[in-house]
Protein chains: 2
Amino acid sequence: MGTVRFGDVYLGGSSATVGKKEMAGPLREWFDLHEEDEYFGMPTFEQAESEMVRRNLAHLFEKMNLKDEDVGVLLGGDLLNQCTGTSFGIKSHSIPFLGLYGACSTIAEGLLVGSMLVQGGFVPSAVAMASSHYCTAERQYRFPPEYGNQRPPTAQYTVTGAGAFYLTRVPSPIRIAEGIIGRIVDGGITDANNMGAAMAPAAADTILRYFGESGRRPEEFDAIVTGDLGREGLELVQELVHQGGLEIAPRHMDGGLLIFDLKKQDMHCGGSGCGCLSTVLGGYLVKRMRAGELKRILAVGTGALLNASTPLQKLSIPGIAHAVCLEAV
Amino acid sequence: MGTVRFGDVYLGGSSATVGKKEMAGPLREWFDLHEEDEYFGMPTFEQAESEMVRRNLAHLFEKMNLKDEDVGVLLGGDLLNQCTGTSFGIKSHSIPFLGLYGACSTIAEGLLVGSMLVQGGFVPSAVAMASSHYCTAERQYRFPPEYGNQRPPTAQYTVTGAGAFYLTRVPSPIRIAEGIIGRIVDGGITDANNMGAAMAPAAADTILRYFGESGRRPEEFDAIVTGDLGREGLELVQELVHQGGLEIAPRHMDGGLLIFDLKKQDMHCGGSGCGCLSTVLGGYLVKRMRAGELKRILAVGTGALLNASTPLQKLSIPGIAHAVCLEAV
């Protein structure tokens, strides 16, 4: 249970905005906008994240020639406490808004819920969006970046990035074909510096359920892209899926490994954050789909459902993963 | 834009669990469960909130004779950073989960999205839920309760409560008839101790849009119930709606004023929090509907989209309000 099918939901367009480190990575040519200043010209990192969200949505509107009244609903969220990155970033718009929280799986959750609302005829169109910022995430979950604290090898680097996707019933070259709503899976991991291991069991659960319920096989996909499992989580999810009787390794990629060059950039286990899959999918993958290089992909957003207090209270880190299947038509 | 209609979505049942102060208030006889211990037997307040969520959902399952496989999707959230009250409260269940964040409007958002998913045929049934706990909210947004800090007269008291609602296509005495997705409205309020004023403009926007788009009139409703505007916000929203050309005062109630006796209980402007409307609606109002005393109500969840940092960064407090119309059939 959890697999949902759509017939007439199309990706009208997307926009991806990133920061300096992401722009120095291998996907630099694919992003729509970037900013060298970590503050995005604002007085605080939190306001910087909202400014990034605002600019990215403005760019999508410009690209697609959209006005507020053309968007039936905005759906989105981020990693900031009470999702203020998104709410402050969009508050100048007069558009119905549904706030979502799925940690780093949020963009997949937004695409999934947005597609259901469009397919169900409740709204004519939707924009799904998610963001993260290295400096806000560090000081909220771990330490202020100014401390320069040491990071263990399993740590990941939160992507500074915002992605937005316009969903519509107007036919376009990419269709949101189906998706699956994730379940919470708690693998018992308590190390807040090992998000890959915390999220891998949920990713494996979603992937196995999706292939079990949809009747599809991994070979039908040009890419199965997890959001931000990083190097540690990548191997774990392949192993867990293998134990479940499926092989995804030949076509499995991870957003956290695509966005940075781990040989040249000091990013430990790779990128993470809501902005990771949002920008890798919205900037890179959908453009490769439009270019005809990828026909069908499964985007699996992966989220770790902790906050700054739960590991201090010795609680384990539950994970969740939502997935959407995008097809070139 | 934003109004959505349902034809075949029914409220199969609900459950409401509260704490000691709520049980000492005027609605005491209507709640399903209560707990005198603020810790709900757990070592921390945050774990207490999750335990309350867990017990309340377990009670709904027991009342309705539900198993995990009978629920197509759980939708919910709370006020804790990264919505851990909900995710830790439900993690023992194996049910597809969509995390929502709408601050104190979350239960209305959950009922709205859940009804769209059920009506659209994407899931056979859904549970919408939301919670808050006085002690977690105080220490997260303001000061640890142990400090005993003074609260200004406009302050509200966060309800310790959890509500859960089972949505199904199986006919039952109450129907979720329609709803409206709220927009963010920022009235420029910067006082984090005056949530009623911060949320009133969004509530008025949603109420005016709903009546404008649906073609209904306030007189068709036995009650128009805002979530948690409190005494200050109640007057403001009536005035703003009046300026918009509608009169709701004769049938307007507020969850924050229903749940506590402001003459006897020292609650300043009234109750607030995700748990306020969740328990007033799920415990009190729907039972009065079942008893035939209320035929049609509009439940307007009201949320303030701040976090602990945004007022310190001198940012204003945007509000949002989602509404659902429930009808006795």
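Which domains does the domain assignment of chain A give, and where do they lie? The assignment gives domain 1 at residues 3-168 and domain 2 at residues 174-328; such bounds come from an automatic or database domain assignment.

1. Before you start. This is a predicted model, in which local features need pLDDT of at least 70 and side-chain atom pairs count only at pLDDT 80 or more, while totals for chains, interfaces and linings use all residues. Residues are numbered from 1 along each chain as its sequence is written, and chains are lettered from A and ligands numbered from 1 in the order in which they are written.

2. Chain A as a whole. Chain A has nine helices and 14 strands (helices are DSSP runs of H or I with at least four residues, strands are runs of E with at least two, and both are numbered from the N terminus). The radius of gyration of chain A is 18 Å, close to the 20 Å that the globule rule gives for 329 residues, so chain A is as compact as a globular protein of that length. That radius is taken over C-alpha atoms, and the globule rule is 2.2 Å times the number of residues to the power 0.38. The C-alpha trace of chain A spans about 50 × 50 × 35 Å along its principal axes.

3. Of the 329 residues in chain A, 64% are buried. A residue is buried if 20 or more other C-beta atoms lie within 10 Å of its own, exposed if 12 or fewer, and partly exposed in between, with C-beta atoms placed from the backbone. Two residues are in contact if their C-beta atoms, placed from the backbone, lie within 7 Å. Among contacts in chain A between residues at least 6 apart in sequence, 80% join residues at least 24 apart.

4. The centres of domain 1 and domain 2 of chain A, taken over C-alpha atoms, are separated by 17 Å. In chain A, 55 residues of domain 1 are in contact with 60 residues of domain 2. On the domain 1 side, the elements giving two or more residues include β2 (10-18), α4 (106-119) and β8 (161-168) of chain A. The most comes from α4(A), with seven residues. The residues on this side of domain 1 of chain A divide into 31 nonpolar, 17 polar and seven charged (Ala, Val, Leu, Ile, Met, Phe, Trp, Tyr, Cys and Pro count as nonpolar, Asp, Glu, Lys and Arg as charged, and the others, Gly among them, as polar).

5. A glycine to look at. A:Gly282 is found in helix α9 (residues 274-290) of chain A. A:Gly282 is buried, with 32 other C-beta atoms within 10 Å. Leaving aside neighbours within four places in sequence, A:Gly282 is in contact with A:Ser14, A:Ser15, A:Ala16, A:Gly163, A:Ala164 and A:Phe165. A:Ala164 is 118 residues away along the chain, yet the C-alpha atoms of A:Gly282 and A:Ala164 are separated by 7.0 Å.

6. The two copies. Chain A can be laid on chain B with an RMSD of 0.0 Å by a turn of 180 degrees and a shift of 0.0 Å along the axis. The two copies are thus related as by a two-fold rotation axis. The superposition is by least squares on the C-alpha atoms of residues with pLDDT of at least 70 in both.

7. Where the chains touch. The contact takes 51 residues from chain A and 51 residues from chain B. The largest share of the chain A side, five residues, comes from α4(A). The residues of that side divide into 26 nonpolar, 19 polar and six charged. Since 100% of the interface residues of chain A are also interface residues in chain B, the copies meet through the same surface.

8. A covered helix in chain B. Helix α5 (residues 134-141) of chain B is mostly covered, with six of its eight residues buried. Among them are B:Tyr134, B:Cys135 and B:Tyr141. What covers the buried residues of α5(B) includes α2 (45-64) and β6 (125-132) of chain B.

9. Two backbone details. B:Gln82 has a positive phi of about 60 degrees although it is not a glycine, and B:Gln82 lies in the loop between β4 (73-78) and α3 of chain B. B:Ala103 has a positive phi near 50 degrees and is found in the loop between β5 (97-99) and α4 (106-119) of chain B. With 33 C-beta neighbours inside 10 Å, B:Ala103 counts as buried.
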